[in-house]
Amino acid sequence: MRRARRANERLAYDHGSQDGCQPNSRDGCATKTSFFDSMRQNTDAKVQSMIREYSSANYSTRMQNCTRQARSLSCTFLFVSFAFLLTQVLSNATAPARSDRHIVVVVWDGMRPDFVSEKNTPALWKLAHEGVIFRNHHAVYPSATNVNGTALSTGVYPSHSGLIANHDYRPEIDRNHSIDVEIPAVVKKGDELSGGKYISFPTIAEAVRSAGGRTAIASAKTVGLLLDRNADLSPAKKCVTLFASKSLPRDALTSIVAALGSFPSGHLQQDAWTTKALTDLFWRDGVPEFSLLWLGEPDLTQHESAPGAQPALTAIKSADENLAAVLLALDRQGARETTDVFVVSDHGFSTIGRSVDLRKILNAAGFSAKTEFADEPKPGDIMLVGNGGTVLFYVQGHDAEITSRLVGFLQQTDFAGVIFTKGAMQGTFSLDQAKIDSPHAPDIVVAFRWSDSKNQFGIPGMIDADWQRGAGKGTHATLSRFDMHNTLIAAGPDFRHGEMDDSPSGNIDLAPTILRILEITPPQQMDGRILSEAMVNIDAQTSKPETKTVEATKEFPSGSWRQSLQISRVGETEYLDKGNGAFVPK
Ligand SMILES: [Zn+2]
Ligand SMILES: [Zn+2]
C-alpha cells in the first residue's frame, strides 16, 4: 500500500489545502488531530490480531451465507426480460455475483468531512477506526445531489451518464420550463426518448441484479429513483427502490406504510423512517448483496440553517444514530463480518455570502434572460437554470454573438468563479474539462466564486449563489474545495483496518470498487478506479497521483479575467479539486 498510511504512523498535518481546515480553527482540525493521535495508539499487534481473527472466523460464516443468498437469483430473470436496450447494455455482466459478501452504502447527504469527530459522530468515528478514511475524496462537478448520486451509482462522470445537473433544460421534455432531473415523470419521459438511456450507464443495483444478486435502495430523498429506476422488474419483488414517499415496485409502499406509518414530514423523522424500512423490512429475509441507504441529513437542515449551526449539528447526530441502527441490524443478522460498509456524502457544503439575482442583472445589462418561457422562446433568449452554486445558461438557437457577449459580461462580474462553454472561447474552459459535456449540455455553465472566509458559526467556506436562497443560509454545487471535498469512510472484510488514504479518490470510484468486491465484471468501462490501495486481498495498482492547475485568461480594456482549475489524477481517473476566478480591474 503505497499511499494509504498506517494509523499508527505519525502524520504531519498537511491537509489544510485539501479540506479547508486552518491549523487553529475550531471546526474539525482539532478533532482530526486528536483522531489521528488516538489512531496512532493502535498497535501493530492489535491490527494483526484483527486480521487473523477476520481470516479464520469469516470463512465458515461466508459459506453459510452462500445458501441463503442463492434465493436472490430470481431477481435476474425478469430483468433480462426487460427493455431490449437495457438488456443489451447489461448483457456483459453475466457472471454471478459473489454470494459471500454484502455491500451497504450509507449516504449522508451534504456531510462535510471536517464535521466527523468523536463528539459529533460517535458511530462513524468508531467505524472509521475499524476501516479506512479517504482524506482526499471528491464529488463530481456540479457538487449537487442528483449529479453525485448518479456518479456514485454508475462509476462515470456526468458527461458519460448524461446527468449533469439537479435542474436542467430539456426542451424535448418541457419546452417552457427547467426540469427537476429526478422526478418520476421526467425520468420516464427521458427513458422513452432515449430507449431506456436517460441515465446512459447501468447503476450498481442494475449490475448486481443482472448478476443474480438482490438489491435494496432506501432513500429519504427523491434521488433514490436515479439509483435504481428499474427495481420493479424483479418478478419476485425482492428488489426494491424506496425514494422519499414513493417506491418501485409501487405496491411495496403499501406494506411499508402498514408497518411504519406514512412517510413523515420532519427531516429527522424521514431519515429514521427510511432507515427502519431498510433494516426492519427490506432486510427481513436477510441482507441483500447490495443495499444503499440515503439520508437527507445533514443537507436539508444545513440548507435551512448553515454548516456549524446547532440544528445542523443535531442533524449530523441524527445521521450518526441511523448509521448505528444499520450497524446494529447487521450485527443482529450475523452479517457484519461479511459486509463492507461505505459511509459517503454526495458533496460538501458552503455558506452563502451573497445571493445573486442573475435574471435581474442580465436583463438590466440588455440580455433577454428568463427562468421560464411564457411563450415560444425566441432566438437569443437565455434560459437560466439555477443549481445553487452553479447556473446553467441555455442560449436559444445557440446564438454565437449573444453567447460571446454574455461570457464577456460574466467575466467582468464580481461573482463568476469558473466559466465553462460549449464552444471554445477565450478565458473559459470547455465543458469537457468539467466532465459535463453531455449531448444536452447548456451553452455556458458558471460556478460561483468562493473563499475560505468563515460563516457566522466560524465554519470556513463562503460562496456566492443563485437567487433561490438568501445570504447566511447553506448551499453547494460550486467548485469550492468545501463543496468538492466530501466524506468517504469504508470498513469491512475487504478494507484495511485503522488507516488513512491520502490518494485522491472520488464518488465515481464507489461503483468499480463495489463491483470488484462482489466479483462482478462491470458491464462497461467506468471512469472511476478500484480503491485497491485501501483494500486487502488485492494487488494495489495505484499510479502515482499527479496534480495540475490549468488557467484561462482574457484581457479587457478595463481589466483582466483569470480563472483556474486544479485537477488531480490517479492513472486515468481525474478528480476536480477546486476552481475559482476573478476580474482584476486596471
Ligand atoms: Zn446532496
Ligand atoms: Zn443540498
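**First stop: a hairpin**

Select Gly-458: in the hairpin of S19 and S20, which has five residues between the strands, this glycine takes a positive phi near 80°. Strands (E, at least two residues) and helices (H or I, at least four) are DSSP runs, numbered from the N terminus.

Before going on, a word on what you're looking at: this is a predicted model, where local features need pLDDT of at least 70, side-chain atom pairs count only at pLDDT 80 or more, and totals for chains, interfaces and linings use all residues. Residues are numbered from 1 along each chain as its sequence is written, while chains are lettered from A and ligands numbered from 1 in the order in which they are written.

Now show S19 (residues 450-454) and S20 (residues 460-465), which pair in the antiparallel sense over three bridges. Strands count as paired if DSSP finds at least two bridges between them. Click on Lys-454 and you'll find its bridge partner in S20, Pro-460.

**Widen out to the sheet**

With S21 included, you have an open sheet of four strands in the order S19-S20-S12-S21, with mixed pairing. Which strands stand at the edges? They're S19 and S21 (474-475); each has a single partner strand, so one side of each is left without a neighbour in the sheet.

**Over to helix H7**

Select residues 145-154. Is H7 mostly covered or uncovered? Mostly covered: ten of its ten residues are buried (20 or more other C-beta atoms within 10 Å of a residue's own; 12 or fewer is exposed, in between is partly exposed, with C-beta atoms placed from the backbone). To see what does the covering, show H8 (158-161), H10 (204-210), H11 (224-227), S11 (339-344) and H19 (510-517), which are included in it.

**Last stop: the core**

Select Val-106 and Val-343, which touch the most other members of the largest nonpolar core, a set of 143 residues. Such a core is made of buried Ala, Val, Leu, Ile, Met, Phe, Trp, Tyr and Cys residues joined through C-beta atoms within 7 Å. Helix H15 (residues 310-333) gives this core its largest share, eight residues.

Finally, zoom out: the protein chain has 19 helices and 27 strands, and 55% of its 586 residues count as buried.

How values were computed
Contact = placed C-beta atoms within 7 Å.
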